[in-house]
Amino acid sequence: MIHSLFIINSTGDVFLEKHWKSVVNKSICDYFFEAQSRQTNPEDVPPVIATPHHYLINIYRSSLYFVAVVTTEVPPLFVIEFLHRICDTFEDYFSDCNETILKEHFVIVYELLDEMLDNGFPLAVESNVLKELIKPPNFLRTITDTVTGKSTGVSATLPTGQLSNIPWRRTGVKYTNNEAYFDVIEEIDAIIDKSGTTVIAEIQGYIDCLIKLSGMPDLTLSFVNPRLLDDVSFHPCVRFKRWEAEKILSFVPPDGHFRMMSYHIGTNNMVAIPVYLRHNISFREGGGGRFEVTIGPKQTMGKPVENVVLEVPFPKSVLNVTLTCSQGKNSFDPVSKLMTWDVGKIDPSKLPNIKGNITLQTGVPIPESNPTITVMFTIQQMAVSGLKVNRLDMYGEKYKPFKGVKYITRAGKFQVRT
Amino acid sequence: MTDSKYFTTTKKGEIFELKAELNSDKKEKKKEAVKKVIASMTVGKDVSALFADVVNCMQTDNLELKKLVYLYLMNYAKTQPDVAIISVNTFVRDCEDPNPLIRALAVRTMGCIRVDKITEYLCEPLRKCLKDEDPYVRKTAAVCVAKLHDINAQLVEDQGFLDALKDLLSDSNPMVVANAVAAISEILETSDSAQSSLEMNSNTINKLLTALNECTEWGQVFILDSISNYNPKDDKEAQSICERVTPRLAHANAAVVLSAVKVIMKYMEILDINSDTVTMLVKKLSPPLVTLLSAEPEIQYVALRNINLIVQKRPDILKTEMKVFFVKYNDPIYVKLEKLDIMIRLTNQGNIAQVLAELKEYAAEVDVDFVRKSVRAIGRCAIKVEQAAERCVGTLLDLIQTKVNYVVQEAIVVIKDIFRKYPNKYESIIATLCENLDTLDEPEARASMIWIIGEYAERIDNADELLESFLEGFQDENTQVQLQLLTAIVKLFLKRPTDTQELVQQVLSLATQDSDNPDLRDRGYIYWRLLSTDPAAAKEVVLAEKPLISEETDLIEPTLLDELICHIASLASVYHKPPNAFVEGRGTLRRSLPRNQSGEAPLGETAAAAPAAPVQQPTVIPGVDSLIGDLLDMDLGGPTPYQQQQMMSQMPQSAPAAQPQGAIDLLGEGLDNLLGGGGGGLDALGGLSDIFGSVSQSSFYTPPQEVWLPANKGKGLELTGTFARRNKQIFMELTFTNKAMQPMLGFAIQFNKNSFGLQPASPLQIQSPLPPNQSASASLPLNTQGQVQKMEPLTTIQVAIKNNIGVFYYSCHVPMHVLFVEEGEMDKKDFLASWKEIPAQNEVQSTISNVQHNADTVSQKLRNNNVFTIAKRNVEGQDMLYQSLSLTNGIRVLAELKIQPGMSNFTLSLKSRVQDICPAIQQAFDGILHN
């Protein structure tokens, strides 16, 4: 399975290595650097690289490369998923995952890696189990440690969740306020072509939960319109049989934050597009061009469109842009040629607009194609698919929990070709 | 207080200081020191000098300190094996600690100390831990077996740990089961000897399926992979396993999903294709695959590589999901390229308009590789969907107008393919293409353009000027371009002989005299000879109608595809190569798809019976990329065996007839002079005719080819063949004739078990694709190392032939004499002794009638076929020949042949310990003597 792990920063330093079997020399990373040097964008490095004796499977996250070394025929997805899980765990423990933070919590990182894999096999991966084994750093603990002079980051007892049938939940959870929050988040992935026609639109949905319930609650969640969901993936806690039979989510939840399910509403359904762009971008011979974009709301069921941001990756031959916008802020990065317009909220009575001139480098041919604009937005209190939670029931415990459901629609990969 | 302080030491005597701290009496100081040591270790500093000091800290009841020391031990034990031994006692003691966490930690660390000397001390504690009351310890111990196996496989097998591991498969705790499965699969990965003791049966599979529902996601991956290696008994079992696996398709972990897809894809092969179950499964597979495409790009990449295989095997699964493969402009390049590939596979008449609009969009992007592939994709669409060809050509012309250099070059390469597919349809655009001649600087684009000019020379007024302009820099061109230029000019000459003589002479002399490249010279000489002997034949050969190119390019060869389907979700599926082609030191065990048994019994048998038979080498059908090479070959007709044969047969006949009349008129003085004066050229020509003329005759008796597979049974494939023996090797001589309307490709052959263990010694090598109405022959070398099973009659061999159309079976008889080995001659004494030793009831007599030879010719003939005459006697006017022969499997046969002068009937007596083979030997004698 996973033989070794190297973490490499953006300047190409291997700042952490961990070996679960025999030691693999750091020089193996040269193959990775070679592949990296062939690409201009850091995210274009192929995820699987073959070397004469090993395979390097890597992911790119938070400007770091996590490179796993394997020697035998293993499922690459297994390794990729696991690397992402390692990152998730670091983020969970240190609230972020970058070089400084990892170095700062170096011993914990090492302990975590050691606990998560044994001989390359996943050992304890569930956040609650890990947290019982290795306590996450916190301010209070640091203080007590310095005062009392001992640090007990490592627990001496076996975590309870480790072997139960529900490894994701520990026993003996206690809260004074019992609460359960559900966020129904839907992301619209879309490509809109020049004329405003939808080329492809699909919805990637998630139900993220924050559960603070005492004891061993057994929950059921039902939907008004479950028939919308035909392509779903569940957290291991969800009982698949009940879903298949009754279209009800029945589960004993993990404690705290977790993603209960994700679903996909495909291209074969109609997806309402909440915003539209009017654009006029042209390049002229002689080193210049015009740029004008207006954004407006479309099908939003009366809800306001907020946190709107437009990103325009201009062609490399663009030298500068001078733009003025009717609201928000815009900026242009002359190195990456990326123009960002932070629009804010769309007021339907006064549509946000940006316009101005483009300056091209002298002597280069005019770009043959216009940039593709990425749009980001958020709409509160609306699930674009129309999915609605019907009710939440709790069994197994006596208290009455506080329940809340929130709907959010936002842009996923929302691209407008111009 | 952060851990970064451990990294910051600037003083010189760092190691020395640490040593002092490690030996300090204060516990806290000790711990801090160990932390510093580990920090140094992880950034790659060598702290192995502190080994003894760190190990001394091990005897503590502080779990954190213990863990840190264990970490250190794992890293450095290898370099300090002698000191590591002192740690053994602590491990043994820790394995009996009341705290299960410590027991587990000890057993875990033990396995990570990769020192041979230590391993034997660890067997006892490990055995105890495998039976520990706490499942946490058991599951850790299971993994430890795999670790130990990695260090010392023999020890693990001798100590019976494999059985213990197998017992854990029935453990009550699903986590333990999952880890046992993981350990087993890792052991199987490296060891062949463990195979037998760890084989799965339907009972264990059942246990695994139960554990599947309850174990962790990672365990599920191991279990699913294990299940996918199991071959179910019948379709009922396969169906029930599929039903229990399908819920995994809705798992959030992509690795679980893809492993479940693998199990289902494999087991579907067994199920009846028309059954409801299959329809249902196909329906269920599509959504999870689509979902994988909204995950992280790395996951998308692996998913896309696998989807590429899945849509080739079962195009139904994603046929309506074309749009999810549309490219987003900020996808990583590796995702973009894969998506494009799958888009083309899914293109059909219904969605072509959308696809084309997308491709045009992509062709305007910035990334050069992606743009090139998009342009190529447009060409592939044109070839695939005839109705859209015109629109595709239009799009390509638009792209050429952009004058972006690499777009134009790529467009010209694909347009050449379109011309091949739809001859005489789009030639109106040639003028536009010619405008861009000067900008082409890549060999492939130049070669394609030259091909187009040569092919349509009669419609391009200034074709000669254009080609001449290329000729100026002939020496500096790439071989591909040179070959193409040679062919194009010869074509031009044949089409417009009047004004292009000089040009053709120029190119022929450039190719034959000024070039060192053997391919180019050979082709030059062949053209030269063709032109000078028989221009009509030259026309027929050079301007022959070209077979149409097939619609689907880049397809993976079917046997390889089937094997890769068994490896979905693994590295093999990412590389599209079988694992033994790239993973080092792997056994040759290859997986094959199970088959639906209903009505296809022989196939199942062949597949199961001959696991060792070499499957055809993974040759990928040449894609568009290599089509140009293909084209060159076909223009000439040289390198393909069939056409070469054809040319050979044409040349000797036509040469004498044509020489006096045609050639000189046509070629005029210049070439004639060249032919006469240029000594080098003439010599070489002489050499050529030699090659064509003499074919050495072997005296070995090779029966005439017979029809083994008639065209009506082979769906258009007719197969004739025979057996021969050359240079101590048995060959199966095959002639494939394609009587169907479409080209055939992907040929492979497999033998069933047979009496003599005959099997192909190398993969079938045959011209592929085989165009309609053509035949190709192949010599398949055989060896006798295959599996043996007695057939009735003895000489029967059952063969399966496979191509892109289907799998066909036939049986044929191997003539016994090809199995006679060259070493069959016996000493006289031995012969006499053996003759006496074999009981008389083993003697079989028969008559060979109608032979017109005397004893000497008979003896010579038989000798040529490895029947050795040991002695000859004349008894009462009759010639008695005593002969011996030996078969490949070591069976000896003694023979007495009675020849009466003037009589055409011979009497043959055979003596062998194995009587069964006598009839076949008689037949062989009969065949040889009547030849």
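**Stop 1: charges over rings**

Select A:Arg259 and A:Tyr206: the charged end of the arginine sits over the tyrosine ring, 3.8 Å from the ring centre. A charge sits over a ring if NZ of Lys or CZ of Arg is within 6 Å of the ring centre and within 35 degrees of the ring normal. Now go to chain B, where B:Lys336 lies over the face of B:Phe370, at 5.1 Å from the centre of the ring.

This is a predicted model, in which local features need pLDDT of at least 70 and side-chain atom pairs count only at pLDDT 80 or more, while totals for chains, interfaces and linings use all residues. Residues are numbered from 1 along each chain as its sequence is written, chains are lettered from A and ligands numbered from 1 in the order in which they are written, and side-chain values use heavy atoms, leaving out hydrogens and water.

**Stop 2: aromatic pairs**

Rings of Phe, Tyr and Trp (its six-membered ring) pair if their centres lie within 6.5 Å; planes under 30 degrees apart count as stacked, over 60 as edge-to-face and the rest as tilted. Over all chains, this rule gives 29 aromatic pairs. Select A:Phe106 and A:Tyr110: their ring centres are 6.0 Å apart and their planes at 45°, so the pair is tilted. Both residues lie in helix 4 (residues 106-116) of chain A, 4 residues apart, about one turn of the helix. Helices here are DSSP runs (H or I, at least four residues), numbered from the N terminus. A:Phe106 counts as buried at 2% relative accessibility; buried means under 20% relative accessible area (1.4 Å probe, protein chains only). A:Tyr110 is buried too, at 4%.

Next select A:Phe78, A:Phe82, A:Phe121, B:Trp218 and B:Phe222, which form one aromatic cluster.

**Stop 3: where chains A and B meet**

Colour the two chains separately. The contact (heavy atoms within 4.5 Å) takes 101 residues from chain A and 97 residues from chain B. Which residues of chain B lose the most area to chain A? They are B:Trp218, B:Tyr329 and B:Leu571, together 9% of what that side buries.

Between the chains there are 8 salt bridges, each a side-chain nitrogen of Lys or Arg within 4 Å of a carboxyl oxygen of Asp or Glu. For one of the salt bridges, select B:Arg108 and A:Glu115, whose side chains meet at 3.4 Å, N to O.

**Stop 4: a buried threonine**

Finish at B:Thr500, in the loop between helix 27 (479-495) and helix 28 (501-513) of chain B. B:Thr500 counts as buried, at 1% relative accessibility.

Notes: Helix = DSSP H or I, 4+ residues; strand = E, 2+ residues; numbered from the N terminus. Buried < 20%, exposed > 50% of the residue type's maximum accessible area, 1.4 Å probe, protein only. Buried area = accessible area lost by both parts, 1.4 Å probe.
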